[in-house]
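Reader: I should like to go through this model term by term. For each label, please set the value against the definition and then conclude.

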Amino acid sequence: MRRINEDSMDDFKGLRITQLDTDDEDDEAATEPISIDEFDDYDDEEDDEDDEDCEPVMLGFVESPKFTWSSLRQLFPNLAGGVPAWLDPVNLPSGKSILCDLCEEPLQFVLQLYAPLTEKESAFHRTLFLFMCPSMSCLLRDQHEQWKRTPEKAMRSAKVFRCQLPRVNPFYSSEAPKQDGTDKPLSHGAPLCTWCGTWKGDKVCSGCKNARYCSPKHQVLHWRLGHKTECQQLRAVIETSDSSPVNNGVSLTQKQKVASKSLWKEFVLINEDESEYDTEMSENDEVAKPLVSKREVNDQMKSLMNDFEGDADKKSFVNFQQRVAKAPEQVLRYCRSSGSKPLWPIASGRVSKSEIPNCKSCGGPLCFEFQVMPQLLFFFGGKNDKESLDWATIVVYTCENSCESSLSYKEEFVWVQLHSQTT
Ligand SMILES: [Zn+2]
Ligand SMILES: [Zn+2]
Ligand SMILES: [Zn+2]
Ligand SMILES: [Zn+2]
């Protein structure tokens, strides 16, 4: 088994080489974006015999962004919390697809993964975006919907979108980003909502003609929570200076300011092969640079254990916990291959093959791509009451063929497993 040494420690925190590197000889690995499908190659050189029946899994961990530019879209980042870095910055999801189908509030950004497919030119860049309604009562209703036999019409409070671009595209240079803070996209994206910074802001405040909103709901929220005063000030500035509205243009190397304080805490996701954690726990203690102690995470897991009733659930959870204990801070498990399966915390409430719908765009089969662990909520700072969002795991299935369509953001399939399947 490979010992983790100081040199490979740097790799964990740094970035990995993607196909952008192939004709860009002299750049160091650290200047390249993260590629989550690297484990395919990794498998060949690794002599790990322990998990012979398992597909190699890439684990994701949260880290605070190192630089203000770390999460900009031109760096093709892996993110959790905060706002998304849209891959196609113009043709964003719109209409009803941005709303929780149950309460009709705009969905909140959970995470995004940059997961290009080396074998597919049209998916040279490929990012998956996960959104959820932060209301637990919506998620419970979403659960009911999931069990209905007509998933096409289901009302969802969790949605995932896939966006992909060829190497030559209108938005980004075909060269790999330098990762030094100077990278710029080729053009501005669509203006975003002043309140959530997440969705397209195509409604403009009639007062200041400056603030923009994705929805009447966010306009009302912003008005109540500060824009009422701000709007008058902005109007005064515009009238006296007869210039165009201030801070209208967002710089290409900065993120737009977001007014909402209720977004989840912003992280970047770093990834590591699960096989790196196959050594004894004591040797691995510092591998993932945990933001919280293992004990805290384990305590959280133990309290989840109390929720289970059946023996099958207990057995499933013991198996789940043993696997997760290798790296308890993992918030994500990624494995896109035809034979891969999610690691289910609970036996009941798993999705069966027949319940996984076909691709909404091409009608072809979906395959498992990644799952989000409940630990993410811990980092998001979830409260421990009945109203706050909670899940056992969120499993995402995507089009096996990663198909093309005229829609830039294609909705894929999310299955949410809750700790308790009652209600
Ligand atoms: Zn909702
Ligand atoms: Zn908004
Ligand atoms: Zn205004
Ligand atoms: Zn498809």
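Reader: What is the mean pLDDT of the protein, and what share of its residues reach 70 or more?

Author: The mean pLDDT, the predictor's confidence in each residue on a scale from 0 to 100, is 81, and 74% of the residues reach 70 or more. This is a predicted model, in which local features need pLDDT of at least 70, side-chain atom pairs count only at pLDDT 80 or more, and totals for chains, interfaces and linings use all residues. Residues are numbered from 1 along each chain as its sequence is written, while chains are lettered from A and ligands numbered from 1 in the order in which they are written.

Reader: Over which residues does pLDDT stay under 50?

Author: It stays under 50 over residues 1-52, for which the model has 77 contacts beyond four places in sequence. Residues 282-290 also stay under 50, with 13 such contacts. Two residues are in contact if their C-beta atoms, placed from the backbone, lie within 7 Å. Where pLDDT is low, the predicted coordinates should not be read in detail.

Reader: How many helices and strands are there in the protein?

Author: There are eight helices and twelve strands. These are DSSP runs numbered from the N terminus: helices are H or I with at least four residues, and strands are E with at least two.

Reader: What makes a barrel of the strands, and in which order do they close?

Author: Ten strands close into the barrel in the order β1-β8-β2-β3-β4-β5-β12-β11-β10-β9, with antiparallel pairing. Two strands pair if DSSP finds at least two bridges between them. Strand β2 (residues 79-80) and strand β3 (residues 108-114) have two bridges, so they meet that definition. Within this pair, Ala80 stands opposite Leu111.

Reader: How many bridges join β12 to β5 and to β11?

Author: Three bridges join β5 (residues 158-165) to β12, and five join β11 (residues 393-399) to β12; both pairs are antiparallel.

Reader: Why is β11 called largely enclosed by the rest of the structure?

Author: A residue is buried if 20 or more other C-beta atoms lie within 10 Å of its own, exposed if 12 or fewer, and partly exposed in between, with C-beta atoms placed from the backbone. Seven of the seven residues of β11 are buried, and therefore the strand is largely enclosed. Strand β12 (residues 410-417) is mostly covered, with seven of its eight residues buried. For the protein of 423 residues, the buried share is 41%.

Reader: How do you know whether Phe76, Ser402 and Ser388 are buried or partly exposed?

Author: Phe76 has 25 other C-beta atoms within 10 Å and is therefore buried. Ser402 has 24 C-beta neighbours inside 10 Å, so Ser402 is buried as well. Ser388 has 14, and therefore counts as partly exposed. Phe76 is in the loop between β1 (58-63) and β2, Ser402 in the loop between β11 and β12, and Ser388 in the loop between α8 (375-380) and β11. Phi is near 50° for Phe76 and near 45° for Ser402, each a positive value in a residue other than glycine.

Reader: What makes a nonpolar core, and which residues have the most contacts inside the largest one?

Author: Such a core is a set of buried Ala, Val, Leu, Ile, Met, Phe, Trp, Tyr and Cys residues joined through C-beta atoms within 7 Å. The largest has 82 residues, and Ala80, Leu130, Leu269, Val331 and Val396 have the most contacts inside it. Domain 1 (6-183 + 264-417) and domain 2 (192-249) both give residues to this core, so it lies between them; the domain bounds come from an automatic or database domain assignment. Leaving aside neighbours within four places in sequence, Leu269 is in contact with residues including Phe61, Ala80, Leu111 and Leu332.
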